[in-house]
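Okay, thanks for coming, everyone. I'd like to walk you through one model today, so let me put it up on the screen.

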Amino acid sequence: MSVNQPKKPTVVTDSPILIATSLSEWLAQTAIERDRIGGTPKAERDIIRDSSLLTLSIPTQYGGLGGSWAETLETVRIIARADSSIAHVYAFQHLMLATVRLFGSPEQWEYLFEQTVSQNWFWGNALNPLDTRTVSVQHEGWRDFTGKKSFCSGALDSDMLIASARQDGLDRLVIAAIPTQRAGITLYEDWSNIGQRQTDSGSADFNRVRVEENEILVNPGPLGNTFATLRPLIAQLILSNVYLGIAEGAFNSAKHYTQTQARRWLLSTADRQPNDPYALERSGEFWVTLESARALNNRAAELLDRAWARDTRLTESERAEVAIAIATAKVVSGRGGLDITTRIFDIMGARSTAAELGFDRFWRNLRTYTLHDPIDYKIRELGDWTLNDQPPRPTFYS
């Protein structure tokens, strides 16, 4: 089933924030319908391709826009207000580029940055370190990857993949940057979860996929030094900003509906629903939550930029400061967002649950995405830090 596409946005600006804002407004026009349909958002990904935002996090000396992490994450949040699925795959573009930068050698990441700009590559994910079914077998000068992989967000309609495999006979993760169209790679349209329906987070099959040694990211490799351990922190802050974007989108949508369509309760002393005392109380609570999450996410992004600039000079204590800030932002954004996306209906009333209005998508998307890794374990990390001065141990999720 296809979606009647609105007119493509015309964006005449060099500002990534204004570009993201225009894209968000365009995406909002079809977000409800596309959420129902699911599947690959081909037209929407092509608009992202045409926008120049795919190169936002690439330094200018390699042809990119040279955006900071704070600016890149703000564009993610802006897009997530309208469409968290598109924000998800767009954000993973920059996570995959960060993976190349942090795990690869200068020869690898400089070449891949330049090619991403010149070829306008959209990167997809086939890493998922928890899924160890794909095995790497070493041969003379090359390897083959064979096995299944789940949660491959954005892999369909991508040009390049970051893929992982378990080295045969060893408890070692092998990560490579390879073309999506490489012989032996099959991507499946089997993503059918309740939320994030257009992230193409389905499965992949690798059947004796040839991977050259110069495509393996080994210097320093996965979490190979302190600087490389920023990769999971970038992933976590992406999640946090998507959570916040969803909550902001839900609040803005509920505000508009309440001002234009919601009916006051028969016992209310207010003249109209926007003036109802309980509606005002809920809105005030939501605002405090959103402002808190925004402040925490912005601070975390500033610390990430500072750590990124340190490069291989980054110390463990500096890394720990970033990790704590990001974990804090993620907990507040996730918990606060789930509260907001659930309780906006208290303000809007029973009629707002009509399926055609699509307000449920905010909760479904956030509920699905917050299960990426349990918030409870982030809170335990924060507890261990506050009580025992133990920084989070670097893993692919912390």
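Predicted model: local features only at pLDDT ≥ 70, side-chain atom pairs only at ≥ 80, totals over all residues.

Let's start with α9, which has a kink of about 30 degrees centred on Thr-342. By bend I mean the angle between axes fitted to the seven residues ending at a residue and the seven starting there. Residues are numbered from 1 along each chain as its sequence is written, and side-chain values use heavy atoms, with hydrogens and water left out. Helices (H or I, at least four residues) and strands (E, at least two) are DSSP runs, numbered from the N terminus.

Back to α9. It runs over residues 316-348, so to speak 33 residues, and reaches 48 Å from its first C-alpha to its last, close to the 48 Å expected at 1.5 Å a residue. That expected span is 1.5 Å times one less than the number of residues. Just after α9 comes Gly-349, with a positive phi of about 95 degrees.

Now, the holes. How many cavities of 30 Å³ or more does the structure hold? There are 2. We work on a 1 Å grid over the protein atoms alone: a cavity is a set of points where a 1.4 Å probe fits but cannot get out, a pocket is an open set with protein on both sides within 12 Å along at least five of seven lines, and lining residues have an atom within 4 Å of a point. Grid points are joined across faces, edges and corners, and a volume is the space filled by probe spheres set on the points.

The largest cavity holds about 140 Å³ of space. Its lining has 16 residues, and Asp-83, Ser-84, Ser-85, Arg-361 and Asn-365 lie nearest the centre. At least two lining residues come from each of α2 (31-37), α4 (69-82), α5 (84-103) and α10 (360-369). By class, that lining has 5 nonpolar, 5 polar and 6 charged residues. For the classes, Ala, Val, Leu, Ile, Met, Phe, Trp, Tyr, Cys and Pro count as nonpolar, Asp, Glu, Lys and Arg as charged, and the others, Gly among them, as polar.

Which element gives the most to its lining? That's α9, with 3 residues. The residues lining this cavity include Ala-323, Ile-326 and Ala-327, along with Lys-378 and Glu-381. By class, the lining has 5 nonpolar, 2 polar and 2 charged residues.

On to the largest pocket, with about 470 Å³ of space. It is lined by 26 residues, and nearest its centre are Phe-92, Phe-151, Ser-153, His-372 and Tyr-397. Two or more of the lining residues come from each of α5, α7 and α10. The lining divides into 13 nonpolar, 11 polar and 2 charged residues.

What about the packing? The largest nonpolar core has 88 residues, and Trp-123 and Ile-162 have the most contacts inside it. α7 gives the most to this core, 16 residues. There's also a second, separate core of 16 residues, with Ala-163, Ile-178, Phe-206 and Val-211 among them. A nonpolar core here is a set of buried Ala, Val, Leu, Ile, Met, Phe, Trp, Tyr and Cys residues joined through side-chain atoms within 4.5 Å. Buried means under 20% relative accessible area, exposed over 50%, and partly exposed in between (1.4 Å probe, protein chains only).

Most residues other than glycine have a negative phi, and most peptide bonds are trans. Here, though, the peptide bond from Asn-219 to Pro-220 is cis, with omega near 10 degrees, and Pro-220 sits in the loop between β7 (204-212) and α7.

Buried or exposed, which is Gln-196? Gln-196 is buried, because its relative accessibility is 1%, and it lies in the loop between β6 (185-187) and β7. Ser-52, in the loop between α3 (42-51) and α4, counts as partly exposed because its relative accessibility is 31%.

That's my tour, so over to you.
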